[in-house]
Amino acid sequence: MAAAAPPPPPSAAPEPSMAAPETTPIGHPVFTRIRLATPSDVPFIHKLIHQMAVFERLSHLCSATESSLSSNLFLSPPFHSFTIFLLELSSSPIPPLLSPSPSFTPIEKTFNFEIPVNDPEKDAFSIYYGDQQVIIGGFVLFFPNYSTFLGKPGFYVEDLFVRECYRRKGFGKMLLSAVAKQAVKMGYGRVEWVVLDWNVNAITFYEQMGAKVLPEWRICRLTGDALQAYQNANV
């Protein structure tokens, strides 16, 4: 949780303030940025997907490889198909992107914590801007869908994941809010996703975000052998 600045002690007479400006980070600042992922980020995305599969107890279903991700992602302009936002973190202000995308202006925010965040895997999730080390902390993957009832497109969030050491600090909310903000900017009608029924923390988090959990709907999925059976089907 962010550390609030303590109120100044009472004084008999006003004196010149020697306190740091309000914009100066206190405690242990974490500078964050949400940006569009690029093809060079595939190794990070692959590792994040693997960690997510382990967390969701579905690693036995995860067959994604860096090659398969590279073959399917980044084939269309952002927001027209599969789009990924990455969460970057640093203890210092993050340098500007050398080639920012005209489709999306990165979102930056500074968090202040009472104790530093210990990231035992930071070297495996590091990207360098010059000499500055920046950490990849999470991602959200989404793509357009369509609501016939609303008569408008929307975004479907396939994956939202924050690495374990960065959870419960507001970073997941930042990622999901970025998707919702983009949907509003584009005049879309909704953002939707699914959540595992045992993940009570996630359900509570989504409800606090303003989402309505729809218990009357169930996912129907054709995949694996059941899907391949349609290869020669007479339709």
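A salt bridge is a side-chain nitrogen of Lys or Arg within 4 Å of a carboxyl oxygen of Asp or Glu. The model is predicted: local features need pLDDT of at least 70, side-chain atom pairs count only at pLDDT 80 or more, and totals for chains, interfaces and linings use all residues. Residues are numbered from 1 along each chain as its sequence is written, and side-chain values use heavy atoms, without hydrogens and water.

**View 1. A salt bridge joins Glu88 and Arg33.** The N to O distance is 2.9 Å. Glu88 belongs to strand β2 (residues 83–90) and Arg33 to strand β1 (residues 28–36), 55 residues apart. Strands are DSSP runs of E, at least two residues; helices are runs of H or I, at least four; both are numbered from the N terminus. Glu88 is buried at 0% relative accessible area. Arg33 is buried at 1%. (Buried means under 20% relative accessible area, exposed over 50%, partly exposed in between, with a 1.4 Å probe and protein chains only.)

**View 2. Asp119 and Arg163 form a salt bridge.** Their closest N and O atoms are 2.5 Å apart. Asp119 lies in the loop between β3 (107–113) and β4 (126–129), Arg163 in the loop between β6 (152–162) and α3 (171–185), so the pair ties together parts 44 residues apart in sequence. Asp119 counts as buried at 8% relative accessibility, and Arg163 at 1%. Elsewhere, salt bridges with shared partners join Arg33, Arg35, Asp41 and Glu88 into one network. A search of the whole structure finds six salt bridges.

**View 3. Tyr166 and Phe171 form an edge-to-face aromatic pair.** The centres are 6.1 Å apart, with 65 degrees between the planes. Rings of Phe, Tyr and Trp (its six-membered ring) pair if their centres lie within 6.5 Å; planes under 30 degrees apart are stacked, over 60 edge-to-face, the rest tilted. Tyr166 is buried at 6%, Phe171 at 1%. The structure holds 17 aromatic pairs. Phe79, Phe85, Phe104, Phe142, Phe155 and Tyr188 form one aromatic cluster.

**View 4. Lysine charges sit over the rings of Phe125 and Phe113.** The charged end of Lys47 is 5.0 Å from the ring centre of Phe125. For Lys169 over Phe113, the distance is 5.4 Å. (A charge sits over a ring if NZ of Lys or CZ of Arg is within 6 Å of the ring centre and within 35 degrees of the ring normal.)
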